[in-house]
Amino acid sequence: MSDAVQPTAAEVRAAAEAVKTALDRHLAAVERRSGEDDPAVYEAFNELAAAAEVYDELLYDRYDEVTPFEIPGAEDSLPPYTGPEEPNALSVLIRRDYSVAEPQRLLAHAQRIEAADDDIGDDTAASGTVHGALGILFGEFEADEIASRHKEFGLEEGDSTLWVTAADEPADPGEWLEAPFEQIDAQRVVCRFDVSAVFDDEIDDVDDETEDVEDEPEPEDETDELELDADLDEDEDLEPLDADR
């Protein structure tokens, strides 16, 4: 970063003071909390996270230093649930990411689907391109089946998430189809399930640390060595056998 856009020392100091103030407010909110899901604590947490992030960025830009801690952002957690206690409707929002690991395998599957469909003519075949093959594949199979057979189709799994949200009444037909994920109320999320390679990497790191600890070699049995030496000494004192006896 050039000197012209670097933050001043005063700006870094102000950001540090903002962290101190947010820390005091967070502690006060925790001390006054009215329950496990107190909105005041949640709001103070987000303010502290935002202040810490600003300070960390300015500190790095000005002094090329970082803070020794990491505060998760507001997007990493859900706010307290404020939806109906007895929901009359629910929505399940799912996102699954894939990478096309084997394009030829994907194209081969799409071509077989096309060949078995009498309604598709040669002039309208879409299986010759990856995006066309994906359209055929997802048009033929349910998303859950593709998830369970992704390797067979030449796909590789990425991150995935599933959110269950509660509603007072079912949505009107066609109401949200144009923008299915834009009107999510985080305070109506009943539960959420995430799958990510990040979690696998954390487990692998722990396993690697465990494997690095080598077993101490067992001490050699000195008693056995002494007995062996004694046997050798006795053998040296023996006279050789006379073959003529």
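**Figure 1. His150 in its loop.** In this predicted model, His150 is found in the loop that lies between helix H5 (143-148) and S2. His150 counts as buried because its relative accessibility is 11%, and buried means under 20% relative accessible area. When its neighbours within four places in sequence are left aside, the residues in contact with His150 are Tyr98, Leu155, Glu156 and Glu157.

**Figure 2. Ile146 and the residues it touches.** Not counting residues up to four places away in sequence, Ile146 touches Tyr98, Leu137, Phe138, Phe141, Phe153 and Leu155.

**Figure 3. The largest pocket and its lining.** The largest pocket has a volume of about 590 Å³, and 22 residues line it, of which Ser91, Thr165, Trp176, Pro180 and Gln183 lie nearest its centre. The elements that give two or more residues to this lining are strand S1 (89-100) and strand S2 (155-167), and the largest share, 6 residues, comes from S1. By residue type, the lining of the largest pocket divides into 14 nonpolar, 3 polar and 5 charged residues.

**Figure 4. Ser196 and its polar contact with Asp159.** Ser196 is found in the loop between strand S3 (189-195) and helix H6 (197-212). With a relative accessibility of 12%, Ser196 counts as buried. The side chain of Ser196 makes a polar contact with the side chain of Asp159, at 3.0 Å.

**Figure 5. The protein as a whole, for placing the close-up views.** The protein holds 7 helices and 3 strands, and from the N terminus on its elements run in the order α-α-β-α-α-α-β-β-α-α. Of its 245 residues, 20% count as buried. Among the contacts in the protein with a separation of 6 or more, 71% are accounted for by residues 24 or more positions apart.

Terms used. Residues are numbered from 1 along each chain as its sequence is written. This is a predicted model: local features need pLDDT of at least 70, side-chain atom pairs count only at pLDDT 80 or more; totals for chains, interfaces and linings use all residues. Side-chain values use heavy atoms; hydrogens and water are left out. On a 1 Å grid over the protein atoms alone, a cavity is a set of points where a 1.4 Å probe fits but cannot get out, and a pocket is an open set with protein on both sides within 12 Å along at least five of seven lines; lining residues have an atom within 4 Å of a point. Grid points are joined across faces, edges and corners, and a volume is the space filled by probe spheres set on the points. Helices (H or I, at least four residues) and strands (E, at least two) are DSSP runs, numbered from the N terminus. Ala, Val, Leu, Ile, Met, Phe, Trp, Tyr, Cys and Pro count as nonpolar, Asp, Glu, Lys and Arg as charged, and the others, Gly among them, as polar. Contact means heavy atoms within 4.5 Å. Buried means under 20% relative accessible area, exposed over 50%, partly exposed in between (1.4 Å probe, protein chains only). A polar contact is a pair of N or O atoms within 3.5 Å; within protein, one must be able to donate a hydrogen and the other to accept it, and residues adjacent in sequence count only if both atoms are side-chain atoms.
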